[in-house]
Amino acid sequence: MSTGAADWRDSLTALHGTLSGKYALHVVRALADGPARFGDLREAVGDAPEKTLSRRLRELRCRGFIRRDLVPSSPPSAEYRLTDEGDRLVALLRGLEAEVEYVDCTACDDDCRVATVDADATERALAEEC
């Protein structure tokens, strides 16, 4: 096995560990609109539980995607913002978002949609597999 193969697997595993946490990508995308305080972020990501959101913010700070700045106010508060690395991640996410299409899933009884980057291929696969 080549070293290159192990490197990309390790990189993806590390990124997955950071970004797969509930609300992680939502927080990053919400901060793309500018700095926000905890309550504003909580609302922007869909009323995430406080404990979960606190954990995600701490993880994203430790990985260098966001930073926390203390705001001199009474009572004291903090504001979160993207770092340069966070800005680069947002650019990648926006590129992926631009490619996403939705296909209605006719295979299940639920009224669901499948996110895909190739609607025609997904519709064919759904017709063949389901």
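Buried means under 20% relative accessible area, exposed over 50%, and partly exposed in between, with a 1.4 Å probe and protein chains only. I start with that because Glu97, at 38% relative accessibility, counts as partly exposed.

What you see is a predicted model, where local features need pLDDT of at least 70, side-chain atom pairs count only at pLDDT 80 or more, and totals for chains, interfaces and linings use all residues. Residues are numbered from 1 along each chain as its sequence is written, and side-chain values use heavy atoms, with hydrogens and water left out.

Now the salt bridges, each a side-chain nitrogen of Lys or Arg within 4 Å of a carboxyl oxygen of Asp or Glu. The whole structure has 5 of them. In one, Glu97 pairs with Arg29, with the closest N and O atoms 2.7 Å apart. Glu97 sits in helix α5 (residues 84-99) and Arg29 in helix α2, so this pair ties together parts 68 residues apart in sequence. Helices here are DSSP runs of H or I, at least four residues, numbered from the N terminus. Arg29 is also partly exposed, at 25%.

Arg56 bridges to Glu59, the closest N and O atoms being 2.8 Å apart. Both lie in helix α4, 3 residues apart, about one turn of the helix. Arg56 is buried, with a relative accessible area of 8%.

Which residues of α2 does Arg56 belong with in the α2 and α4 contact? On the α2 side are Ala24, Val27 and Val28, and they meet Leu53, Arg56, Leu57 and Leu60 of α4, contact being heavy atoms within 4.5 Å.

Last, Arg67, Asp69, Glu79 and Arg81 are linked in a salt-bridge network.

Key
Helix = DSSP H or I, 4+ residues; strand = E, 2+ residues; numbered from the N terminus.
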